[in-house]
Amino acid sequence: WLLFLCGFSTSRQTLMWIPDSFFSRYLQYIITVNKDKLTIFIDRDPAAFAPILNFLRTKELDLRGVSINVLRHEAEFYGITPLVRRLLLCEELERSSCGSVLFHGYLPPPGIPTRKINNTAGPLPDVRTGQNCSESEIHGGGVQPTLAGTGEGTVRLGFPVDPRKVLIVAGHHNWIVAAYAHFAVCYRIKESSGWQQVFTSPYLDWTIERVALNAKVVGGPHGDKDKMVAVASESSIILWSIQDGGSGSEIGVFSLGVPVDALFFIGNQLVATSHTGKVGVWNAVTQHWQVQDVVPITSYDTAGSFLLLGCNNGSIYYIDMQKFPLRMKDNDLLVTELYHDPSNDAITALSVYLTPKTSVSGNWIEIAYGTSSGAVRVIVQHPETVGSGPQLFQTFTVHRSPVTKIMLSEKHLVSVCADNNHVRTWTVTRFRGMISTQPGSTPLASFKILSLEEAESHGSYCSGNDIGPFGERDDQQVFIQKVVPITNKLFVRLSSTGKRYLHV
C-alpha cells in the first residue's frame, strides 16, 4: 500500500509498527471496511507531522526548528508512545540546571587483539549437576565438572557488534576493566603515572555479556599479588589471572550449562548465577569449580563472605563462602534457607546491611527485600538470638509494580519499582549503628528515573548500564540516569532527594 496523508506519502508498514496508535487502529478499520482507500485526511498541523512521520520511518528524532511542546502534543494525539517518552525526556533536560563533572582522564581505544579462530573461547560442553532438583529440594547434587581446555570447535557468533564499542565497565580498588565486544582490557591507576593499560585478553569468538574483576586476591596460586578478571557469554565463562607485572594467564574455561545472568567475586571466589536456578563457584585456593542446582533465582546480594539468593518461591537462601572449600569432598555448597516471605511472593530485589560491630552488641544483620507484588520488607537478625532466623521488622506497600532495586544503608532505605524506575527513599533511624525505629510513613523523596533503552541492544546492556543506586553504605547513594539516544548527557542523581547535580 501507498498512502497519502496531509500531503505526505508513506507505506502502511511505516504507520502500523507501533501497536494501538491512531494509525494502527485507523488502518485496521480501513482494511476491514474499505480496502481500496489510499488517501487519509487528518486535520492537523502538517509542519508538526513531518518529524513524526520521519520518526516512524527511521526511529530517529530531529528537533531542529520544531517546538518540543507542540510536537509532544501531536505525538500524544497520534498515540506514538515511544516518541512521547523521548519528548518528555527532552523537556526534562531543557528544564534541568546541572553543574559540571570533574574530568579525571581519557583512555584511548586499545588495539584489537589478533583473532584466533580456534581458541579457548569456542563453544563449551554443558556441565550439569548430577541430579535435577525440584523447587522444594534446595540441596542439589553437585558434581565436579572438568575444565574445558583448548581445542577446535564451531565458532559461535551473535549478531554483529561494533568491536570498538565499550559494552561494560567494572572497577575494583584501583583497577578497572573495559569489556568490548570480543575482548577485555584492564587498566590500573597509580598516583605517580596515572592510568596504565596492563592486560588485554585474547580475541574471543563470542560477544562478551558479563564481566567481573578482582584486584585484591589473597592466597592465590601466585601469592597475594594476583588479580583476576572473568568474562561470560551465554553459559560460558573464561577466567584469567594477571600477575603484578601485567602478564596474564588463562586459569580456565567453565560452563554453567545455562545462561549466566550475574558474574562477580566474593573474596577470591568467582561466582556465576543463573535465573534458572544454578550457582557456579570457583575457588582460587583449591582451584576447584562446582555447579549446584538451587530454585530459580530472582535476586542476590553479598555481605562479607555470604552470598544471599532471593528466589521465586519466596525464600531467601545463603551460602557461606568461607565454609565452601572445607566441604569439597561432600559436593555441597551448603545452601541454607534464611527466611521465607509471608506472602510467598518472589524475592525480586535484595539488600544486606551489616551493622558496625560494637563491644555492646556485636553485629546485627539487616536485610531489605522487595517482592514481585511491590511490597518492601525489612527483616533483622539479632546476634543474641543464635539459632533463630531474622524477624520481620516492617513492611512497606508503596509500590504497585515489582520491585527491581533496593538498597538499605546507614541513613536511607531506597527502593525502585518497574514503573519507569519509580524511586522511593525513606529515612532510617539508628541507635548505636543499629536500626532502632521504623522509618516514618512519609517518604523522604519520590521520583522517577526516566531512561531509554537501546533498540535491539546486546545482552550486556542491562549489566553495563545499571541505574544504581551506587555508593558506600555509610554515605549518600546516587543513581545514574542515561538518556539514549536523544542526547549524550548523563546525569548523576541523589537518592535522598532525586536532585540532578552532575551531568556529562
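Predicted model: local features only at pLDDT ≥ 70, side-chain atom pairs only at ≥ 80, totals over all residues.
A search of the whole structure finds five salt bridges, and three of them are described here. In one, the side chains of D293 and K278 meet at 3.1 Å, taken from N to O. Because D293 belongs to strand 15 (residues 288-293) and K278 to strand 14 (residues 278-283), this contact ties together parts that are 15 residues apart in sequence. Both D293 and K278 are buried.

A second salt bridge joins D341 and R377, whose closest N and O atoms are 2.6 Å apart. This pair links distant parts of the chain, 36 residues apart: D341 sits in the loop between strand 19 (336-340) and strand 20 (347-354), and R377 in strand 22 (residues 376-381). With a relative accessible area of 1%, D341 is buried; R377, at 8%, is buried too.

The setting of the salt bridge between K448 and D419, with closest N and O atoms 3.6 Å apart, can be described in the same way. Here K448 lies in strand 29 (residues 445-448) and D419 in the loop between strand 25 and strand 26 (422-427), so parts 29 residues apart in sequence are tied together. K448 is partly exposed at 34% relative accessibility, and D419 is partly exposed at 33%.

On the surface, E410, E472, D474 and D475 gather in a patch of negative charge. E410 is found in the loop between strand 24 (403-408) and strand 25 (412-417), and its relative accessibility of 32% makes it partly exposed.

Finally, strand 30 (residues 478-482) and strand 31 run antiparallel and are joined by five bridges. I480 has V492 as its bridge partner in strand 31. Strand 31 (residues 490-494) is mostly covered, with four of its five residues buried.

Terms used
Residues numbered from 1 in each chain as written. Heavy atoms only, no water. Patch = residues over 30% accessible without salt bridge, like charges linked within 9 Å, V, L, I, M, F, W, Y side chains within 5 Å. Areas by Shrake-Rupley, 256 points an atom, 1.4 Å probe, with all protein chains shown as cover. Salt bridge = Lys/Arg side-chain N within 4 Å of Asp/Glu carboxyl O. Lys, Arg positive; Asp, Glu negative; His and termini not counted. Charge placed at Lys NZ, Arg CZ, Asp CG, Glu CD. Helix = DSSP H or I, 4+ residues; strand = E, 2+ residues; numbered from the N terminus. Buried < 20%, exposed > 50% of the residue type's maximum accessible area, 1.4 Å probe, protein only. Pairing = 2+ DSSP bridges.
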